[in-house]
Amino acid sequence: MLSVLRVRAYRHLFFAQVTALLGTGLATMALSLLAFDKAGMSAGQVLGTVLAIKMLAYVLIAPLATAVLDGFSRRFLLVSLDVIRVLAAVLLLFVAETWQIYVVIAILQSASAAFTPLFQSTVPELLPNEDDYTKALSLSRLAYDIENLVSPILAATLLLIVSGQALFLGTALGFAASALLVVSVALPNSSRSTDRQKISKRLTKGFTIFRFTPRLQSLVALNVLVSLAGAMVIVNTVVWVQGVMNLGEQSTALAFAAFGGGSMLAALLIPKAIRRWSDRSVMLVGGALLSVGLVAALMTDQFLYLLVVWFWLGLGYSTVQTPTGRLLTRSAVTDDRPALFAAQFSLSHTGWLVAYPLVGWLGAWAGLQMTLIVLIVLVLCCLGCAIYLWPVNDSPSLAHTHFNLSKDHPHIADTAHRHSHHFVIDHLHQTWPNNTD
């Protein structure tokens, strides 16, 4: 897996991701402490609002920024967005009112919403070999899991010598390191051929590809499934461990670690699994693991059993998430990938935007058992849709007919109107072919 780090440009981008994630982890801890300092027992409301701002930025800003900034230098954009995040983190050192937290977080998360899809769409161009790209996806998943483990430890260590709000300085340093790593390498630029298109068309391009590509329609269902199962873990672990089982904070941390451990193991195994089985098989198995895990959670009454179930859910979570980049890369031409990654970023976070309040409010109103029953029904529906929408024989090369092109059009030169090639939705192929096309 580590062999892909021999590619200098990717190595710098990977470590840029790691440093930015560590900075984000410190910001999460610092925001919790800052919210309590400013709002006391109402800190939960502040953090809930911050989380809502984050999700809204991810849903709305990602596709908009990709459309507006299309054609600009990727390195310039990535570095500029990191600089904005550095300045926002520094501003958080000086906020005095709760509303100021909201404003600065909106700026920071908007920059992150523009940064992440552009970053993700650049990696497959640096690693055109599919096996290498799969390894990179696994490394990226590992980086997220490791951040969940390392950031709290790092924050606890720093709090021995600095105040909680000073952790934002660590956040700024993480984003600054990311900018320096990105600026140190040459990155491929997207074509400017789409600059003449209207922004509205560029804005909807990624969503249009999702709409007409069967495997991506299935991915939407899997996104919802992942967000429902993941929200159950993120929102209700503390309720389950400390509220139902009457255990301490250390037990809550251990439960999250079990989930992260399962996710890390899956990320390590995915490159080998993808060589033996198709993306469809692997990701649908991941969805099944999440479904079975939620059913098993219904019978959880002991902490050790909870750890096993959470580990199982982490396994399923990463099994669905890790290969996603492969699907997106296969489903668009190079110039359309930023728009497609932005659409995925927006659609997947829409699922979280719905799942967080659904799981939280339902758990508080109806209890954990009833919440699990509702989630099991929903995830099974999502899994059924994903299986139905994703063709079993998902061949990249499809025969299709161009009824709207003249015989001398370059795309069908030396062929009949009907031909076969790697098929994606683009300006020449605007709907998915059926058996008669």
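Me: Which helix axes come within 11 Å, and at what angle do they cross?

Reply: They belong to helix α8 (residues 214-244) and helix α10 (residues 279-297), and they cross at roughly 35 degrees. An axis here is a line fitted to C-alpha atoms, for helices over the stretch in contact, and angles run from 0 to 180 degrees between N-to-C directions. The model is predicted: local features need pLDDT of at least 70, side-chain atom pairs count only at pLDDT 80 or more, and totals for chains, interfaces and linings use all residues. Residues are numbered from 1 along each chain as its sequence is written, and side-chain values use heavy atoms, with hydrogens and water left out.

Me: What makes residues of α8 and α10 count as meeting?

Reply: Contact means heavy atoms within 4.5 Å. In α8, the residues that meet α10 are L219, L222, L225, V226, A229, M232 and W240. Their partners in α10 are M283, L284, G287, L290, S291, L294 and A297. The residues of this contact divide into twelve nonpolar, two polar and no charged. Ala, Val, Leu, Ile, Met, Phe, Trp, Tyr, Cys and Pro count as nonpolar, Asp, Glu, Lys and Arg as charged, and the others, Gly among them, as polar.

Me: Why is S291 called buried?

Reply: Its relative accessible area is 5%. Buried means under 20%, exposed over 50%, and partly exposed in between (1.4 Å probe, protein chains only). At 5%, S291 is therefore buried. S291 lies in helix α10. Leaving aside neighbours within four places in sequence, S291 is in contact with L225, V379, L380 and L383. S291 and V379 are 88 residues apart in sequence, yet 6.3 Å apart in space, C-alpha to C-alpha.

Me: What makes A297 buried?

Reply: A297 has a relative accessible area of 1%, so it is buried. A297 is also found in α10. Beyond four places in sequence, its contacts are W240, V309, W310 and L372. A297 and V308 are eleven residues apart in sequence and 9.6 Å apart in space, C-alpha to C-alpha.

Me: How do you know whether S218 is buried or exposed?

Reply: Its relative accessibility is 0%, so S218 counts as buried. S218 sits in α8. Not counting residues up to four places away in sequence, S218 touches A386, L389 and W390.

Me: Why is N246 called exposed?

Reply: Relative accessibility is 63% for N246, so the residue counts as exposed. N246 is placed in the loop between α8 and α9 (249-276).

Me: What stands out about phi of N246?

Reply: Phi is near 55 degrees, a positive value in a residue other than glycine. Most residues other than glycine have a negative phi.

Me: What makes V90 and R11 partly exposed?

Reply: V90 has 30% relative accessibility, so V90 counts as partly exposed. R11 has 28%, so R11 counts as partly exposed too. V90 lies in helix α3 (residues 74-91). R11 lies in helix α1 (residues 8-39). R11 touches L5 and R6, residues up to four places away in sequence not being counted. R11 and V185 are 174 residues apart in sequence and 9.7 Å apart in space, C-alpha to C-alpha.

Me: How many helices and strands are there, and what makes a run count as one?

Reply: The protein has 14 helices and two strands. Helices (H or I, at least four residues) and strands (E, at least two) are DSSP runs, numbered from the N terminus.

Me: What share of the protein is buried?

Reply: Buried residues make up 51% of the 437 residues. Among contacts between residues at least 6 apart in sequence, 79% join residues at least 24 apart.
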